Amino acid sequence: MYKYYMLIIVLHTLYETALGVQLPEDIKKCHFGDSRCLVGSINDLIKRYPKGIPEIGLPPLDATRLEDVAILDKPNDGAVWFTFHTRNNVNRGFNNATITHVDGFNRDPTKNIMTIEAQIPSLIHEATYDMLGRYLLFVANTTGQLKSDFQNFQLKLTIKGILEYRNNKRYLNIYELKPKVELDRWIVWFDNLYKENTDLTIAVNRAFNENWLEFWNGLEPGLMKSFAQCFTGMLNKFFENVAYDDMFLPDADGEHE
């Protein structure tokens with residue numbers, strides 16, 4: 001009897017795998033290329049599932065954990081050099097995102113560039129930072145906690161992907177993602193910049209926030225790398241679990257390009 005039940009479980013698992021993971025029934029499906037419908041459907045998904053859906057690879061949107069990233073990594077030589085890495089990264093605020101535009105998710109998405117645009121009132125980034133560097137006679141070698149607030153975060157993702165076939169189904173895999181970001185304000189706080197001098201830590205943080213735009217321009221390449229890594233990981237995890245065709249309504253003729 002035990003072997004009989006185990007056989008049923010195995011067969012059921014294989015059946016579910018062959019079918020692929022499905023979107024929740026309360027999420028509206030759209031026709032290929034229907035940008036207006038997709039905007040509404042994705043916004044509905046964000047609103048209904050702020051804690052994510054592990055079964056389909058959607059992470060918690062209110063507290064999204066990310067991989068380690070190097071924001072700044074200049075060579076260790078000369079009078080001026082810095083490395084700045086973050087770990088234990090968590091982004092908070094994707095659950096408040098509003099998708100404003102979606103394009104390119106056609107029957108064959110490999111024939112065009114896909115785009116997603118969104119606006120987030122406040123995207124909070126919390127992490128442990130490691131900073132090492134030298135500026136003339138100033139030497140930095142510190143680790144601490146940081147909290148960063150990107151206010152009125154406006155995002156545009158430009159995406160290129162390929163289709164992979166598994167179990168007679170098509171799965172989208174992103175191989176290139178370029179983010180473009182605009183924001184109204186960047187507020188950040190670095191703990192323990194100077195462990196022995198709290199006043200100096202406060203003064204440097206104040207100077208950073210008063211001149212945030214200059215720092216943003218200098219750190220933008222590393223930050224864009226971080227955002228690209230973040231969104232590629234999030235989207236590919238979802239696309240890896242849910243077949244591309246299962247995200248959409250079937251064509252009237254049932255055919256694919």
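Me: Which pattern does the protein chain follow when read along the sequence?
Reply: Helices (H or I, at least four residues) and strands (E, at least two) are DSSP runs, numbered from the N terminus. Here the protein chain follows the pattern α-α-β-β-β-β-β-β-β-β-α-α, with four helices and eight strands. This is a predicted model, in which local features need pLDDT of at least 70 and side-chain atom pairs count only at pLDDT 80 or more, while totals for chains, interfaces and linings use all residues. Residues are numbered from 1 along each chain as its sequence is written, and side-chain values use heavy atoms, with hydrogens and water left out.

Me: What percentage of the residues in the protein chain is buried?
Reply: Buried means under 20% relative accessible area, exposed over 50%, and partly exposed in between (1.4 Å probe, protein chains only). In this model, 43% of the 257 residues are buried.

Me: What share of the contacts with a separation of 6 or more comes from residues 24 or more positions apart?
Reply: A contact means heavy atoms within 4.5 Å. Among contacts in the protein chain with a separation of 6 or more, residues 24 or more positions apart account for 66%.

Me: Which residues of α3 are buried, and which are exposed?
Reply: Thr201, Asn205, Phe208 and Asn209 are buried in α3. Seen down the helix axis, the buried residues of α3 fall within an arc of 95° (the arc of the directions from the axis to the C-beta atoms), so they line one face of the helix. Asp199 and Glu210 are exposed on the other side of α3. The buried residues of α3 pack against β8 (185-190) and α4 (212-241).

Me: Which residue caps the N-terminal end of α3?
Reply: Asn197 caps that end, with a side-chain oxygen 3.3 Å from the backbone nitrogen of Asp199.

Me: Which residues form a disulfide?
Reply: A disulfide is a pair of cysteine sulfur atoms within 2.5 Å. By this rule the count is one disulfide. Cys30 and Cys37 form it, with their sulfur atoms 2.1 Å apart. The link of Cys30 and Cys37 is left-handed, with -80° about the S-S bond, and both cysteines are buried.

Me: Is Lys169 buried or exposed, and which side chain does it join in a polar contact?
Reply: A polar contact is a pair of N or O atoms within 3.5 Å; within protein, one must be able to donate a hydrogen and the other to accept it, and residues adjacent in sequence count only if both atoms are side-chain atoms. Lys169 lies in strand β7 (residues 169-182) and counts as buried because its relative accessibility is 18%. Its side chain joins that of Asp246 in a polar contact of 2.8 Å. Lys169 and Tyr244 are 75 residues apart in sequence and 7.8 Å apart in space, C-alpha to C-alpha.

Me: Where is Asn167 found, and what is its phi?
Reply: Asn167 is found in the loop between β6 (138-166) and β7, and has a positive phi of about 50° although it is not a glycine. Asn88, in strand β3 (residues 80-92), has a positive phi of about 55° and is likewise not a glycine.
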